[in-house]
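Student: Could we go through this structure together, taking the sheet and then what surrounds it?

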Amino acid sequence: MRIFQSRNNDLVEIGEERSNGKFFGLEKIIQNLVENNLSAIFPGLEFIETEFQIDDLRPDTIAFDTEKKSFVIIEYKNVENSSLVDQGVSYYQLLQDRKENFVLLYNGKKKQTFDVPNINWDETRVIFISPQYTKYQK
């Protein structure tokens with residue numbers, strides 16, 4: 001699918017333009033775009049938090065799947081990254097080990113009371129958004 005961005009009344013295809021070998025100058029650009037349009041891009045997901053830090057780990061985006069009642073972590077890269085999946089697995093493990101932190105975050109942001117047993121932890125997932133993937137990541 002081709003995606004375009006409006007720039008000075010012209011449409012520029014995203015992905016055609018590179019800065020220093022990177023699609024998107026900063027990962028933050030695509031992160032903001034996805035977070036601001038999360039429910040349009042991923043129906044059923046609601047935004048919870050940007051770069052939620054626990055210990056020395058900081059997943060890029062925390063979302064909640066309202067249909068599956070599960071957490072979703074979204075990780076962004078602006079270049080091909082061989083450690084992308086390793087990083088995602090670390091975040092997945094963090095969520096499994098520190099469930100209560102994610103539930104408290106959700107409850108605080110949504111002003112609701114969700115309990116650990118009410119979350120479908122088996123449906124937890126990590127979404128990777130990157131312009132390129134290695135053949136092994138695919």
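Tutor: We can begin with a residue pair: Glu-75 stands opposite Phe-128 in β8. This is a predicted model, in which local features need pLDDT of at least 70, side-chain atom pairs count only at pLDDT 80 or more, and totals for chains, interfaces and linings use all residues. Residues are numbered from 1 along each chain as its sequence is written, and side-chain values use heavy atoms, with hydrogens and water left out.

Student: How many bridges join strand β7 to β8?

Tutor: Strands here are DSSP runs of E with at least two residues, and helices are runs of H or I with at least four, numbered from the N terminus. Two strands pair if DSSP finds at least two bridges between them. Strand β7 covers residues 70–76 and runs parallel to β8, and the bridges joining them number five.

Student: Which strands stand at the edges of the sheet?

Tutor: The open sheet has four strands with mixed pairing, in the order β5-β6-β7-β8. Two of these strands each have a single partner, so one side of each is left without a neighbour in the sheet: β5 (45–50) and β8 (125–129).

Student: Is Lys-77 buried or exposed?

Tutor: Lys-77 lies in the loop between β7 and α3, and its side chain makes a polar contact (a pair of N or O atoms within 3.5 Å, one able to donate a hydrogen and the other to accept it) with the side chain of Glu-75 at 3.4 Å. Buried means under 20% relative accessible area, exposed over 50%, and partly exposed in between, with a 1.4 Å probe and protein chains only. Because its relative accessibility is 10%, Lys-77 counts as buried.
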